[in-house]
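Keep the structure open beside you as you read.

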Amino acid sequence: MAKGIELQDASVLMKGNRFHNMSFAPLSLCMLRSVKDFDLANDTTLCPLERNALSDFYDSAKGAEWTDGSLWLDEYASYCDWKGVTCEKNQVTHLNLINNGLSGRLSDSIGHLTLIEVMDLSDNDIKGSIPTQIGLLSKLTYLRLSYNAFTGAAPEGLGELTQMKLLQLQSNRLTELPNIPELDESLYSSSTFVTDCGVPSAFDEPLECDNCTMCCEYHSTVFAEME
């Protein structure tokens, strides 16, 4: 006897049913990983947008290779219990995966974590550009993307995150920064806003950063920005 029913390329139709004691639909149904179609995939109660966004993030950052990916992509576990994820009322508020073997790229889907306040992905090996969608995260107060391999210009939207209290982008390969307003140093002092704006630089020209509180030089030497 078969242990389960093979659903590959099947269509799962469940509209009109009443669901009892079911918080979320199985992740593979919502992400259409194991089926051709699921008629409730757009039901945000059964298939939360944030769980889908985190799943995309996991795939883009090569989650299968992470040091610790506890419960990530579990069919039934709440995404709020996934390693590094903290929620309030099923809304993601913190994503903390410091030094956890992330690589690949940072998914555009990160922009769906609309209530996130703290994101720390530092000390990994994430490549490519920082997605413009990060500028949609208007609740962000703390963002550390330092010590990765991001390239290109940082998105303009970073300068519009008015709740930001700490921003650290050093030790990447960023070539340009947007105009980011001066950040309040009362909480984090000289660590408030750090980039690769020091001299000597790993670039032909160091990054221009008028409001940085600390600059990193080549080989990661740091110094406080002078008035």
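R144 is buried, with a relative accessible area of 15%; buried here means under 20% relative accessible area, exposed means over 50%, and partly exposed is whatever falls in between (1.4 Å probe, protein chains only). Before going on, a word on the ground rules: this is a predicted model, so local features need pLDDT of at least 70 and side-chain atom pairs count only at pLDDT 80 or more, while totals for chains, interfaces and linings use all residues. Residues are numbered from 1 along each chain as its sequence is written, and side-chain values use heavy atoms, with hydrogens and water left out.

So what does R144 pair with? Its side chain meets that of D120 in a salt bridge, at 3.0 Å from N to O. The term covers a side-chain nitrogen of Lys or Arg within 4 Å of a carboxyl oxygen of Asp or Glu. This pair links distant parts of the chain, with D120 in strand β5 (residues 118-120) and R144 in strand β7 (residues 142-144), 24 residues apart. Strands (E, at least two residues) and helices (H or I, at least four) are DSSP runs, numbered from the N terminus. D120 has a relative accessibility of 3%, so it counts as buried too.

How many salt bridges are there by this rule? The count comes to 3. Another one joins D68 and K83, whose side chains meet at 3.9 Å, N to O. Both D68 and K83 lie in the loop between α2 and β3, so the pair ties together parts that are 15 residues apart in sequence. D68 is partly exposed at 26% relative accessibility, and K83 is partly exposed as well, at 33%. Then there is D125 with K127, where the closest N and O atoms are 2.7 Å apart. D125 has a relative accessible area of 36%, which makes it partly exposed, and K127 is partly exposed with a value of 36%. In general, side chains of opposite charge can pair when their charged atoms come close.

Stay with that loop between α2 and β3 for the aromatics. The rings of W72 and W82 have their centres 4.9 Å apart and their planes at 40°, so the pair is tilted. The rule is that rings of Phe, Tyr and Trp (its six-membered ring) pair if their centres lie within 6.5 Å, with planes under 30 degrees apart called stacked, over 60 edge-to-face and the rest tilted. W72 and W82 are both in the loop between α2 (49-60) and β3 (85-88), 10 residues apart, and both are buried. They belong to one aromatic cluster together with F57, Y58 and W66. By the ring rule, the count comes to 7 aromatic pairs.

What does W72 touch, leaving aside its neighbours within four places in sequence? It is in contact (heavy atoms within 4.5 Å) with L54, F57, Y58, W66, W82, K83, V85, L95 and L97. W72 also turns up in the largest nonpolar core, which has 49 residues; W72, L54, F57, L95, M119, L121 and L143 touch the most other members. A nonpolar core is a set of buried Ala, Val, Leu, Ile, Met, Phe, Trp, Tyr and Cys residues joined through side-chain atoms within 4.5 Å. Two or more residues each come from α2, β3 and β4 (91-96), and α2 gives the largest share, 4 residues. In soluble globular proteins, nonpolar side chains tend to be buried together.

Now move along to the open sheet, where 3 strands run in the order β6-β8-β10 with parallel pairing. β6 (127-128) and β10 (173-176) stand at the edges with a single partner strand each, so one side of each is left without a neighbour in the sheet. Strands pair if DSSP finds at least two bridges between them, and β6 and β8 (residues 149-153) pair in the parallel sense over 2 bridges. G128 stands opposite F150 in β8.

At 6% relative accessibility, N172 counts as buried. Its side chain reaches the backbone nitrogen of A149 at 3.2 Å, and a polar atom of the N172 side chain lies 2.9 Å from the backbone oxygen of L169.

Finally, the whole chain: it has 2 helices and 13 strands, and buried residues make up 47% of its 227 residues. Of the contacts with a separation of 6 or more, 46% are between residues 24 or more positions apart.

Definitions and conventions: A polar contact is a pair of N or O atoms within 3.5 Å; within protein, one must be able to donate a hydrogen and the other to accept it, and residues adjacent in sequence count only if both atoms are side-chain atoms.
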